[in-house]
Amino acid sequence: MPAPPPARPEVESLQSYSAPLEGRRGLLRLDFNENTVGPSPRVVEAIRAIPADHYAIYPEYDGLREAVLASLADMAGAIVAAAPSTAPVPAVAPSVAPGVAPVIRADGVPALATVPLPQQPARRPSLRVEQVGLFNGVDAAIHALFQAYGAPGDRLLTTSPTFGYYTPCARMQGMVIEAIPYRMPGFAFPFEEILAALTTPPAEADGSWRPPSLLLLCNPNNPTGTRLAPEAVLALAAAAPHTLVVVDELYEAFTGDSVLPLLLAPGGRQDPEGAAGADPFAACPNLLVLRSLSKTAGIAGLRIGFAIGAAAVVDRVSRVTGPYDINSFAVSAAFAALADQPYVDAYVAEVLAARQWLVERLVAAGVRHHVDGGNYLLIWPQRPAAEVDQALREAGILVRSMAGKPLIDGSLRVSLGTLEQMGRFWEAFVVCDARPI
Ligand SMILES: Cc1ncc(COP(=O)(O)O)c(C=O)c1O
């Protein structure tokens, strides 16, 4: 039999990205950081209300970008009115971050100060519909942005360990991957190292050195939870105008920090004139923000995600997708989910309470763990992680083994759900890890 034609060399050397996603229904799913209770009843009603004859029609997206914008504007208003970010802000030399307020370290130790929002006239920049890209989940947005911006031989700069899908996307484009480890102890963000890799050719570089074409920042980082202050994200974007800086904010709603409130703040730093309606990305056109309804709104199975940035970038990333990649069910669900922010807020509050409850148990029992941003934490069992993982599975609870991942090999990533669910997890964990109760 003749051999089938080979694919591109980059594809021939790839393995398909397969997550262990089968047979999970009916179990307590603490393995993929999904919402653990499902969507708002308004989403369910919206799906049920789709008449069968609409299944025959290609999906329509009218008004969805506007709905995303309305929800972002509400969110920015609410967050700006509340306290500023408490995530550490690394020191930034003023020369590398024009327009971004630096926090200068005196002693070389990362500064823990926060940068207050500037006091300027209370006029708010606003996003336009062209600045919102719609995708079949953020995974599809990530795939598309690599296709649009990652040429063979270009560099992807990112951190390690981080979200697993960046690497295959870079590989399929034939990109070179530079992944900078988090700093131990504590998985601190390697700010200076990332800044140097973005801006400074290595000593041995010849004249052809170029900055990376892509910087992928997962904030808070999955799986370490590392939080990066939005000021630091803006500083990195300002320092590398020729790099597309992508900030994957999938988990910012739980315990995290988004650049959007800063960009959308009245008289915000991206809008020195304080002009109402000014483009929030005018001073950082190389920044792209990723958001999804998978983890908070509970519609991971329907697949919808957003990319927000300069209109020119959103346009480029959207050029490499198909015309109907998002299906009609996801569109109806997204409208309903975006219109029910109180449901999401209540779920997030429940997860945060459950997180505190579980952390208290872990501390009291002396279980090694690491918790920071996001709706997940890392636990190092005293028995081999694979055995505890398997024993939990037999007890009907799925967690994610971090075996083989740099810095966190031997840990289990446990997604956070409701108080009742974390109670079930804890009861099973103490048995599976042979701990005295
Ligand atoms: C950091 C990060 N980005 C993106 C995704 C994919 O999100 P979506 O469900 O919107 O495709 C995930 C899902 O686990 C994630 O953890």
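These legends describe close-up views of a predicted model.

**View 1. The whole protein chain.**
The protein chain holds 14 helices and 13 strands. Of its 437 residues, 45% count as buried. Contacts between residues at least 6 apart in sequence were also sorted by separation: 76% of them join residues at least 24 apart.

**View 2. The shell around the ligand.**
The ligand is surrounded by 14 residues. The closest are G137, V138, D139, S292 and S294. By class, the shell divides into 6 nonpolar, 6 polar and 2 charged residues. S292 falls within strand β7 (287-292).

F146 counts as buried because 27 C-beta neighbours lie inside 10 Å, and the cut-off for buried is 20 or more. Leaving aside residues up to four places away in sequence, F146 touches C169, A170 and Q173. A170 is 24 residues from F146 in sequence. In space, the C-alpha atoms of F146 and A170 are 6.5 Å apart.

**View 3. Helix α4 against helix α10.**
Two packed helices are described by the angle between their axes and the distance between the axes. For α4 and helix α10 (residues 311-319), the angle is about 100° and the axes are 8 Å apart. That angle makes α4 roughly perpendicular to α10. On the α4 side, A141, A144, L145 and A148 take part in the contact. They meet R316, V317 and R319 of α10. By class, this contact has 5 nonpolar, no polar and 2 charged residues. An α-helix has 3.6 residues a turn, so residues three or four places apart point the same way.

**View 4. Helix α13 against helix α14.**
Helix α13 (residues 385-394) packs on helix α14 (residues 419-432) at an angle of about 130°. Their axes are 9 Å apart. The angle makes α13 oblique to α14. The crossing of α13 past α14 is right-handed. V388, A391 and L392 of α13 make the contact with A428, F429 and C432 of α14. This contact has 6 nonpolar residues, with no polar and no charged ones.

**View 5. Helix α7 and its surroundings.**
Helix α7 (residues 230-239) is mostly covered, with 9 of its 10 residues buried. The buried residues are P230, E231, A232, V233, L234, A235, L236, A237 and A239. They pack against two helices, α6 (191-199) and α9 (260-264). They also pack against strands β5 (214-218), β6 (244-248) and β7 (287-292).

**View 6. Two cis peptide bonds.**
Most residues other than glycine have a negative phi, and most peptide bonds are trans. The peptide bond from S160 to P161 is cis, with omega near 0°. P161 lies in the loop between β3 (155-160) and α5 (166-172). The bond from M184 to P185 is also cis, with omega near -5°. P185 belongs to the loop between β4 (176-181) and α6.

N33 is not a glycine, yet its phi is positive, at about 60°. N33 lies in the loop between β1 (28-29) and α2 (41-48). N33 is buried because 24 other C-beta atoms lie within 10 Å. F187, again not a glycine, has a positive phi of about 60°. F187 is found in the loop between β4 and α6. With 22 C-beta neighbours inside 10 Å, F187 counts as buried.

**View 7. G174 in the loop between α5 and β4.**
G174 has 16 C-beta neighbours inside 10 Å and therefore counts as partly exposed. Not counting residues up to four places away in sequence, G174 touches E10, P152 and G153. G150 is 24 residues from G174 along the chain. The C-alpha atoms of G174 and G150 are separated by 8.1 Å.

Definitions and conventions
Residues are numbered from 1 along each chain as its sequence is written. This is a predicted model: local features need pLDDT of at least 70, side-chain atom pairs count only at pLDDT 80 or more; totals for chains, interfaces and linings use all residues. A residue is near a molecule or strand if its C-beta atom, placed from the backbone, lies within 6 Å of it. Ala, Val, Leu, Ile, Met, Phe, Trp, Tyr, Cys and Pro count as nonpolar, Asp, Glu, Lys and Arg as charged, and the others, Gly among them, as polar. A residue is buried if 20 or more other C-beta atoms lie within 10 Å of its own, exposed if 12 or fewer, and partly exposed in between; C-beta atoms are placed from the backbone. Two residues are in contact if their C-beta atoms, placed from the backbone, lie within 7 Å. Axes are lines fitted to C-alpha atoms, for helices over the stretch in contact, and angles run from 0 to 180 degrees between N-to-C directions. Helices (H or I, at least four residues) and strands (E, at least two) are DSSP runs, numbered from the N terminus. Angles under 35 degrees count as roughly parallel, over 145 as roughly antiparallel, 65 to 115 as roughly perpendicular and the rest as oblique. A crossing is left-handed if the near helix is turned anticlockwise from the far one by less than a right angle, and right-handed if clockwise.
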